[in-house]
Amino acid sequence: MKYILFDMYGVILNEMKGNFRSFIENRKSGVDLEIYFDIYKKVYPKASRGEISLEEFFHSFGFEDPQMSAFDYVENFLSIDENFINFVKKYKKQYKYVLLSNDISEFSKLIRQKYNIDKYFYLSITSADIHLRKPDVNVFNYTLNKIGIKPADCIFIDDNYDNVTTAASIGIRSIMFNRLGYTWNGESVSSFCELDNLLSDDISQMGESEYETASEVIRKSFATAAKEFNLTEQNCPTHGSFIKLSRLLYESKNGSLFFAYYHEGNIIGTLELTDRGNGLWFLGKLSVLPEYRRNGYGKSLLDFADNYVKEKKGIAIFLSIINENLRLREWYEKSGYNYIGFEKFESLPFVSGYMKKEII
């Protein structure tokens, strides 16, 4: 199972960077707002790193009752994006959710209590509690270590350019929640509806935590070929219909990359790509569950492979099939693959056919 790391302000909440300026305007009328805003820029980073207390933060602005002021701010100047609730409910079986927010501890607790959202989070990490603020890379390393996952096991969603850039630099898939249309070269959405669309049909690299599910998808997908060509675990134990988790782990440690086709958050197809050097890439374990076939998912996986290899400056992709499987050969040919020959191995009960596609 993958994890989604959510920022709070500008993502879960509608207000980007909070709404403290409006709070000051309403609660300190007739004052020089720029002076107060300068104070905010100095003391909020300290408070959100846990370097000063909530009391010290509010006293900096002349508020006498910090607890009441914090409640007033959260209650009257912040609002949740209701589509967040719809999103997390829809994908709760496919993802675990983590809150990763730059904030004062008391603010974060009040927000989560007001909207009753703690129940959705596997873990909540607030900058004041760990004394680190995004975009410090140590925030992300801390989070990965705390959960016990690798960068490929999670998706990070934030509205701040520096934050998504840092997360992406260590291999975390990062999506800009871009309500205001900032320039960002990576994946970007402006609403939870767009995020839903992005993740409902998506191809991306799997994390190890998903390999067990992927091996099941591969077995079910390859079972149709095993039946057609009379393959059993005894006469062809290396066929995909009999693959085990241990094999995916082994191949991953030896350089293979595994990608999944996610449909509405579920893995319905897989793809393996391996860099064999000199610009040549091997494509394997292309699978789509039988009930999802003839909907273009396999073609989408092939197109993804083309684009991925092209981005990596590859010059060609090759693959092997059961030579007698003419229907599959024709399917690959429609996507630009050429049949280049065959080979018979004593260990296999069929002839292996080879195909290759030049990447332009």
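Is Lys299 buried, partly exposed or exposed, and what is its relative accessibility? Lys299 counts as partly exposed, at 35% relative accessibility. The model is predicted, and this briefing covers its salt bridges, which come to 22 in the count. Side chains of opposite charge can pair when their charged atoms come close.

- Lys299 makes a salt bridge with Asp303, with 2.8 Å between the closest N and O atoms.
- Both residues belong to helix H13 (residues 297-311), where Lys299 and Asp303 are four residues apart, about one turn of the helix.
- Asp303 is partly exposed, with a relative accessibility of 31%.

- Arg173 and Asp202 are joined through their side chains by a salt bridge of 2.5 Å, N to O.
- Arg173 has a relative accessibility of 13%, so Arg173 falls under the 20% cut-off for buried residues.
- Asp202 is also buried, because its relative accessibility is 7%.

- Lys356 and Glu358 form a salt bridge in which the closest N and O atoms are 3.7 Å apart.
- Glu358 is partly exposed at 48% relative accessibility, and Lys356 is partly exposed with a relative accessible area of 28%.

Definitions and conventions:
Residues numbered from 1 in each chain as written. Predicted model: local features only at pLDDT ≥ 70, side-chain atom pairs only at ≥ 80, totals over all residues. Heavy atoms only, no water. Salt bridge = Lys/Arg side-chain N within 4 Å of Asp/Glu carboxyl O. Buried < 20%, exposed > 50% of the residue type's maximum accessible area, 1.4 Å probe, protein only. Helix = DSSP H or I, 4+ residues; strand = E, 2+ residues; numbered from the N terminus.
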